[in-house]
Amino acid sequence: MCVFCDIIDGKIPSKKHFENDDFIVIDDISHKAKKHYLLIPKRHYACFSEQTKEDCEKLANMLMNLPNLQSSLGLEDGYRLIVNQGGNAGQSVMHLHIHILGGEVLPIAP
Ligand code: AMP
């Protein structure tokens, strides 16, 4: 069972801000910043090491298009992407996802 697969399948509700054939962007349920979204590939894989070449190309295209979503997401003044990979990084959902944080001045990151 994977919470993000259930969200993608519509079995768990979410606030969806973007969807195409390969990705969704939803509100994180527990905001760590004024705006906190999750960019999630629809295909289930846990981390970058499980990516196929096709997954990688799709993600690269999605990231290239992210600036087109900036204003609809309320991120005109900038944003931060975070990807937790594995236990040491605190990854709690084993379905790749990219945190998108913004909507305010963020604390300086390491
Ligand atoms: P990570 O710790 O990087 O694996 O991040 C997992 C994120 O998923 C956390 O920020 C959680 O708040 C978020 N999350 C868990 N369940 C849900 C859910 N049902 N809807 C939206 N976000 C969720």
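Mentor: Start with a definition: strands (E, at least two residues) and helices (H or I, at least four) are DSSP runs, numbered from the N terminus. Two strands pair if DSSP finds at least two bridges between them. This model is predicted: local features need pLDDT of at least 70, side-chain atom pairs count only at pLDDT 80 or more, and totals for chains, interfaces and linings use all residues. Residues are numbered from 1 along each chain as its sequence is written, and side-chain values use heavy atoms, without hydrogens and water.

Trainee: How many bridges join S1 to S2?

Mentor: Count 3 between S1 (residues 16–19) and S2 (residues 23–27). The two strands run antiparallel. With 3 residues between them, S1 and S2 form a hairpin.

Trainee: Which residues lie nearest the centre of the largest pocket?

Mentor: Rolling a water-sized probe over the atoms shows where empty space is left. A pocket is an open set of points on a 1 Å grid over the protein atoms alone, where a 1.4 Å probe fits, with protein on both sides within 12 Å along at least five of seven lines; lining residues have an atom within 4 Å of a point. Here 20 residues line the largest pocket, and Phe4, Asp28, Ile29, Leu38 and Val93 lie nearest its centre. H1 (3–8) and S2 each give two or more residues to that lining. H1 gives the largest share, 3 residues.

Trainee: Which residues come nearest the ligand?

Mentor: "Around" means a heavy atom within 4 Å. Of 17 such residues, Asp28, Asn84, Ser92, His97 and His99 come nearest.

Trainee: What lies 2.6 Å from an oxygen atom of the ligand?

Mentor: An N or O atom in the side chain of Asp28. That is a polar contact (N or O atoms within 3.5 Å). A polar side-chain atom of His97 lies 2.9 Å from a ligand oxygen. For a polar backbone atom of Gly90, the distance to a ligand oxygen is 3.1 Å.

Definitions and conventions: A polar contact is a pair of N or O atoms within 3.5 Å; within protein, one must be able to donate a hydrogen and the other to accept it, and residues adjacent in sequence count only if both atoms are side-chain atoms.
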